[in-house]
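Open your viewer, load the model and keep the selection panel handy. We will go from the whole fold to a few side chains.

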Amino acid sequence: MTDESVTPIEPTGPADRRWPRRVYGVGTEPDPRFTLANERTFLAWLRTALGLMVAAAAVKAFGTEGSQWAAAVLAVLAVGVAVEAFPRWSRNERALRLQLPLPSTPVVVVSAVGVVAAGVIIVVVVLI
């Protein structure tokens with residue numbers, strides 16, 4: 001299904017002013033539990049980004065010489081996760097409204113690989 005074939009929904013009550021219109025202007029209202037679960041997932045991504053930022057700061061502040069690379073990896077991951085959180089929420093919410101399968105995201109794999117890489121760097125730096 002392409003975006004051109006999706007027809008906007010007609011508001012049934014007061015004017016629907018929810019943003020973004022690309023999400024709320026199509027399809028039908030999903031079960032509120034799914035929308036709220038999607039919102040909780042969005043907030044979990046933001047918490048993960050904050051945790052990665054704190055970990056990066058801690059590694060930089062308390063790490064040994066050479067651990068700045070691990071801090072850099074964690075900081076880049078934090079930014080990547082934070083940047084991807086809203087587009088991911090938007091794609092999922094739109095898919096829910098259009099009754100389509102939820103899209104996948106490569107950020108999950110990239111984040112896991114990055115955290116493992118940072119951990120390996122820290123272990124190598126500490127043991128050397």
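How many helices and strands are there in the protein? Switch to cartoon view: there are 4 helices and 0 strands, and the order along the sequence reads α-α-α-α. Helices here are DSSP runs of H or I with at least four residues, strands are E runs of at least two, and both are numbered from the N terminus.

A word on the ground rules: this is a predicted model, where local features need pLDDT of at least 70, side-chain atom pairs count only at pLDDT 80 or more, and totals for chains, interfaces and linings use all residues. Residues are numbered from 1 along each chain as its sequence is written, and side-chain values use heavy atoms, leaving out hydrogens and water.

**Whole protein**

Show the surface. The accessible area is about 8500 Å², with 71% belonging to carbon and sulfur atoms (Shrake-Rupley method, 1.4 Å probe). Of the 128 residues, 31% are buried; buried means under 20% relative accessible area, exposed over 50%, and partly exposed in between, using a 1.4 Å probe and protein chains only.

**The cavity**

Next, select N38, T41, F42, W45, A85, R88, W89 and N92, which line the largest cavity. A cavity is a set of points on a 1 Å grid over the protein atoms alone where a 1.4 Å probe fits but cannot get out, and lining residues have an atom within 4 Å of a point. The volume of the largest cavity is about 30 Å³, counted as the space filled by probe spheres set on points joined across faces, edges and corners. Colour by helix: α2 (32-62) and α3 (68-97) each supply at least two residues of this lining.

Zoom in on N38, a residue of helix α2. N38 counts as buried because its relative accessibility is 7%. Leaving aside residues up to four places away in sequence, N38 touches W89, N92, E93 and L96 (contact: heavy atoms within 4.5 Å).

**The ring cluster**

Now select W19, Y24, F86 and W89, a cluster linked by ring pairs. Rings of Phe, Tyr and Trp (its six-membered ring) pair if their centres lie within 6.5 Å; planes under 30 degrees apart are stacked, over 60 edge-to-face and the rest tilted. That rule gives 3 aromatic pairs. W19 and F86 are stacked because their ring centres are 5.7 Å apart and their planes at 15°. W19 lies in the segment before α1 (21-24) and F86 in helix α3, so this pair ties together parts 67 residues apart in sequence.

Finally, are these two partners buried or exposed? W19 is exposed at 62% relative accessible area, while F86 is partly exposed at 34%.

Definitions and conventions:
On a 1 Å grid over the protein atoms alone, a cavity is a set of points where a 1.4 Å probe fits but cannot get out, and a pocket is an open set with protein on both sides within 12 Å along at least five of seven lines; lining residues have an atom within 4 Å of a point.
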